[in-house]
Amino acid sequence: MRQLTTYLRESKQILAAWDAYADEHVDPKTFEPFDEAAYGARQRQRDTDTLTAFGRVYFHADVLVDIAEHQLARLPATATRDFAWRLGELRTSTQRLYALHRQWLDLRATLPRDAVPGTGAYDEPLAESRADAWHHLDQWGIHGQALIDINTQAQSRQQRSPQAPAQAPPRPDAAPSTPPARR
């Protein structure tokens, strides 16, 4: 959960910096960037920064959603409100991120040998892949808090419901009259 918390904080910071940049570099009437090339470069940086921040969650994102779904099933309906919908959004975004990553790896394997980082032949498809991923990363920024909230409620509920102490089986009324081998 700490890694998710870090991602949520960093993604908010990245988005706030992007919003501030866009506010200053876009015509307020037409919403067109003043400098298309600089705007595009800054947008690619936002995508890269967000994906990098998500790296700490990426490999276990599906497990986090699975655990939250399991925890949610044990919470009372009054505590779950829109959590199921949010988990659905996270599940869809996770599946899409995994698919986009596989697509990038497949595409990268087909690039010419001279298509290396720093060349347009490599950097352009990579930027497109990251741009495609950004919406799903943003969904994690928007809905990821639900995982933390569900976990908090599940732990709180578990701490409030004391486990019944283990009890010894009842004593038999009388010892059996025949040895176990003869029964």
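**Note on the predicted helical model**

1. On the surface, D123, E124, E128 and D132 come together in a patch of negative charge.

2. The relative accessible area of E124 is 44%, so the residue is classed as partly exposed. The value falls between the limits of 20% for buried and 50% for exposed.

3. As to secondary structure, the chain contains seven helices and zero strands. Read from the N terminus, the order of elements is α-α-α-α-α-α-α.

4. Helix α1 spans residues 2-25 and includes T5. T5 has a relative accessibility of 37% and therefore counts as partly exposed. In sequence, T5 and L147 are 142 residues apart, while their C-alpha atoms are separated by 9.9 Å.

5. Among contacts with a separation of 6 or more, 74% are made by residues 24 or more positions apart.

6. The chain has 183 residues, and 34% of them count as buried. Its accessible surface amounts to about 12400 Å², and carbon and sulfur atoms contribute 53% of that area.

How values were computed: Residues numbered from 1 in each chain as written. Predicted model: local features only at pLDDT ≥ 70, side-chain atom pairs only at ≥ 80, totals over all residues. Heavy atoms only, no water. Patch = residues over 30% accessible without salt bridge, like charges linked within 9 Å, V, L, I, M, F, W, Y side chains within 5 Å. Areas by Shrake-Rupley, 256 points an atom, 1.4 Å probe, with all protein chains shown as cover. Salt bridge = Lys/Arg side-chain N within 4 Å of Asp/Glu carboxyl O. Lys, Arg positive; Asp, Glu negative; His and termini not counted. Charge placed at Lys NZ, Arg CZ, Asp CG, Glu CD. Buried < 20%, exposed > 50% of the residue type's maximum accessible area, 1.4 Å probe, protein only. Helix = DSSP H or I, 4+ residues; strand = E, 2+ residues; numbered from the N terminus. Contact = heavy atoms within 4.5 Å.
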